[in-house]
Amino acid sequence: MLTNWFDRKVLVLGFSKSGIAAAEYLNRHGAEVFITEYREQKPEDSGKLEQLIAEGINVEFGGHSDEFIKDSYIAVTSPGIPPHSDIMKRLAEENIPVLSEIELAASQTGKPFIAITGTNGKTTTTALTAHILCSEYNAQPCGNYGKPPCDLIDDSSIDYFVCECSSFQLEYSHSFQPQISVWTNFTPDHIDWHKGLENYFNAKAKIFKDPQAPAFSVLNAKDLKLLEFSKEAAGEAFLFGDEVGKNCCYVKNEAIYYKRNGKEQHIIDLKDTPLIGEHNYQNVECAVICAKLEGISNEHIKEAIMSFKVPEHRLEKVSGYNGITFYNDSKATNPEASLVAINSFNNENVVLIAGGRDKNTDLKEFCEAVKTHISTVILIGEAAERFEENLKNNGFNNIIKEETLQAAIDKSISINPDVVLLSPACASFDMFSGYEERGRVFKEYVLSKIGK
């Protein structure tokens, strides 16, 4: 564990949240820090830039100069910079090791990390795991969710770092060894960045194998690729999503059960969890396994799950009114993400609000899910025409188009369904600054309509 950074020159790639956190940590501990950012400086950078300069940190924008790169001891990279980029080639030529901010943080503390990766479900699982552990410990969510771990490692009161890890961060992590490694699921993503699906898989697989082998590996039994991979994963393996083997967590008889060495324990009835849908039950199962492995009592696990607040914009229950329940799933910016929410509802009268800036992805599965689970679709935004055409071509005709999100909410209330679900399946930039603003507008307008 390297703690003496005095007289060491460290290069930080990227004027990002994680890069700045690494730079400030290293600067506090005596390193000579240089942040290099390829893009040009923006007006919104000024405040933080002035602060960093005042702290003695060197910063450049608009390229990566030889002055900043030369004689660097290591380089800490922001996650968005791909391995095949020019700066990575230059660092390799200079024999400058590159590591992620997560690996840097883990190398500087003796506290255990729970690393959570996967294509979907990382954020909810990270937040819930930290929430449950906090019933008996000081556990902090970090990484892609919460603060960068370098912002936290000087806090000696922290017992666990519950870290959401992207494939980008794991690509640059070579000695990061979590106590527990969790893999929620695996579907194709970030293929261009990783230059192939196999590379994407291997980036995530690193924290389940030597030399980064964890004490415990937690993997999705419903994902056939991960089920097969579990046979070679290091440490004691646990599966979730199905009752498979002696170590697992699963749904049975409308409840979640945990099993270790074949001994079954009831954890919580599904009706008592604030999360809905099979994907969310799997997130709960991941968190339960992690909590049990860290010695949390069943009683505390159940209480923590019941008090958990779903991360904003992710199938988030907004409110109930006159028998209508409103859900904000604004984070669903593509049809694949909306499928998860749509498939969470069965035997209910559901109005779906969808549309926005079209990503022109295939809508066949989306349309089939709508036919099975949705009674009415209200379309907004630039994508409305194409979505309407595809839905009708697939045999779904109960479609309404509205000009604004507010008008769509008004119309959905007038229909008086069981559920109103905002799950747009589109980007938001035709009408909003991002999915966060879209979700906030939805929630604020719903609450204003029902007088809360």
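Trainee: Which residues in H6 meet which residues in H12?

Mentor: This is a predicted model, in which local features need pLDDT of at least 70 and side-chain atom pairs count only at pLDDT 80 or more, while totals for chains, interfaces and linings use all residues. Residues are numbered from 1 along each chain as its sequence is written, and side-chain values use heavy atoms, with hydrogens and water left out. Helices (H or I, at least four residues) and strands (E, at least two) are DSSP runs, numbered from the N terminus. Contact means heavy atoms within 4.5 Å. Here, Leu128, His131 and Ile132 in H6 meet Ile301, Ala304, Ile305 and Ser307 in H12. By class, this contact has 5 nonpolar, 2 polar and no charged residues, where Ala, Val, Leu, Ile, Met, Phe, Trp, Tyr, Cys and Pro count as nonpolar, Asp, Glu, Lys and Arg as charged, and the others, Gly among them, as polar.

Trainee: At what angle do the axes of H6 and H12 cross?

Mentor: Axes are lines fitted to C-alpha atoms, for helices over the stretch in contact, and angles run from 0 to 180 degrees between N-to-C directions. The axes of H6 (residues 122–133) and H12 (residues 298–307) cross at roughly 130 degrees and come within 9 Å. H6 is therefore oblique to H12; angles under 35 degrees count as roughly parallel, over 145 as roughly antiparallel, 65 to 115 as roughly perpendicular and the rest as oblique.

Trainee: Which way do the side chains of E8 point?

Mentor: In a regular strand the side chains alternate between the two faces of the sheet. From E8, Tyr160, Val162 and Glu164 point one way, and Phe161 and Cys163 the other way. Strand E8 (residues 160–164) is mostly covered, with 5 of its 5 residues buried (under 20% relative accessible area; exposed is over 50%, partly exposed in between, with a 1.4 Å probe and protein chains only).

Trainee: Which strands pair with E8, and over how many bridges?

Mentor: Strands of a sheet pair through backbone hydrogen bonds, either parallel or antiparallel. Two strands pair if DSSP finds at least two bridges between them. Strand E6 (residues 113–117) runs parallel to E8, joined by 4 bridges, and Ile116 stands opposite Glu164. Strand E7 (residues 139–143) pairs with E8 in the parallel sense over 5 bridges; Cys142 has Cys163 as its bridge partner.

Trainee: In what order do the strands form the sheet?

Mentor: The order is E7-E8-E6-E9-E10-E11-E12-E13-E14, an open sheet of 9 strands with mixed pairing. E7 and E14 (263–269) are the edge strands, each pairing on one side only.
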